[in-house]
Amino acid sequence: MDFLKIFSRNSGPSKNVAKERLKLVLVHDRTNCSPHFLDMVKGDIIKVISDYAEIDESGLDIKLTKTKRDEDDTMVPALVANIPIKKMKDRKGI
Amino acid sequence: MGEVIVITSGKGGVGKTTTTANLGTALSQLGYKVVVVDADIGLRNLDVVMGLENRIVYDLVDIVEGVCRLNQGLIKDKRYDGLYLLPAAQTKDKNAINPKQMLKLTSELKEMFDYVLVDCPAGIEQGFKNAIAGADRAIVITTPEISAVRDADRIIGILEASDLANPLLVINRIRVDMVKRGDMMDIDDIIDILAIDLLGVVPDDESIVISTNKGEPAAADKNSLAGQAYRNIARRIKGEEVPFVDMDTSESFMTKLKKVFGLAK
C-alpha cells in the first residue's frame, strides 16, 4: 500500500500520464496520416534554401520529432531539418 | 434549404448514436424539422435508441435502390413534432450504397428538412465515407479517454482532407469527480490536443442509460443533466451563444461544473 502511494506521488495524476502518452502517439499518427507530407516539405525547403546556398541534398535530413517546450517542459511535436551547406551563394546586389 | 450534419468519432461506443438521437430530439423541440439518418448499415441502432424500432417498414437502402419512395422510408416520431427517422438496413452491408448515392439522398432530404443529422458508423472505411459524403458540417464525438481522443484526431485529419474543415467537438461522458482528482483529462487538455472548437460537453449520466432503456431520448427529460447538455448543444447548432454552464441545473452540479471550467474553487 505504501509502495503504491509512493508510486502514485511520483507519477502524478494519471491524466498527465495519459496526456503525455497521447501526445507522443499523435506525433506518429499525424505523420503517418500523410506520407507525402515530409517529401513535400523537403522539396520546398530545398527550393528555398538553394536560392541562398549550395546544399548537400543527399545529406539533407528532415524528420518530425518531439521536443520539450521551454516554458513548461511539456513535449510538443517539432519539425527538425538538418541541412548541410556546401557554400553560400554570391548574392550581389541584395 | 437545410443543413446536413454528420456525427462521427472514429472509435466505436463513444456516443455517436446517443448524440444523434438527442440532438435530433432537442432540435425538433426548438421547432425545427429534423431527420436523423442511420448510416450504420448492417448494424442498425438509432431506431432502438429513438424507440422507433417497431415502426420500420422500409430503410435507407430500399430508398437508394428505388424499392420505395423517400417519403415511405421516413418514420415520423409521433412524440416530437417535426422529428423523423431514416433507419439503416440491417440485412445488407456497408457496400450496399456508395458516396454518390448518399450525396443524392442527403441533398433531397435537405430540401425537406431544416436539419439532416447523419449517424456515422465507427471506423474510417466505406461506411464512414458514405456518411460524410453529403455533409455540410461535421461534429466529432470523443470521450476523455486516450483511445477515443486518438481516434478523434485521426478523424479530424481525414475530415479536413475531405473538405469538411472546422469540425466541432463534443466531449461525452466527462466525470467531474475524476477530473477534479486529476484522473481524467479535462476539457482544456482535450481541446489543447485536438485543436478544434468545442461545441459541447456532456456529463457521464445514468439518465442516458435509463432513457435508452426506455427508448426516450434524454433531451426530452427536463431533469436529465445530459439531456440539458444536449439541449444546449442544439441551441449552439442553430447559432445561439449558450454559456457552457447552465443555470437550470442543480446547485451542486453547478458548483462542480464551475470547477471544471475553472470558474470556482
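**Close-up 1. Contacts of B:Asp40 in the predicted model.** Apart from neighbours within four places in sequence, B:Asp40 is in contact with B:Ala88, B:Lys94, B:Asp119 and B:Pro121. The model is predicted.

**Close-up 2. Position and burial of B:Asp40.** B:Asp40 sits in the loop that runs between strand 2 (34-38) and helix 2 (46-50) of chain B. Its relative accessibility is 15%. Because buried means under 20%, B:Asp40 counts as buried.

**Close-up 3. The fold of chain B.** Chain B contains twelve helices and eight strands. Taking the contacts between residues at least 6 apart in sequence, 73% join residues at least 24 apart. Of the 265 residues in chain B, 56% are buried.

**Close-up 4. Dimensions of chain B.** Along the principal axes, the C-alpha atoms of chain B fill a box of roughly 60 × 40 × 30 Å. The radius of gyration of chain B is 18 Å. A compact globule with 265 residues would have a value near 18 Å, so the two agree.

**Close-up 5. Surface and charge of chain B.** Chain B has an accessible surface of about 11,500 Å². Carbon and sulfur atoms account for 47% of that surface. The side chains of chain B include 32 positive and 39 negative ones. The centres of these two sets lie 2 Å apart.

Notes: Residues numbered from 1 in each chain as written. Chains lettered and ligands numbered in written order. Predicted model: local features only at pLDDT ≥ 70, side-chain atom pairs only at ≥ 80, totals over all residues. Heavy atoms only, no water. Helix = DSSP H or I, 4+ residues; strand = E, 2+ residues; numbered from the N terminus. Rg over C-alpha atoms; globule rule 2.2 N^0.38 Å. Buried < 20%, exposed > 50% of the residue type's maximum accessible area, 1.4 Å probe, protein only. Contact = heavy atoms within 4.5 Å. Areas by Shrake-Rupley, 256 points an atom, 1.4 Å probe, with all protein chains shown as cover. Lys, Arg positive; Asp, Glu negative; His and termini not counted. Charge placed at Lys NZ, Arg CZ, Asp CG, Glu CD.
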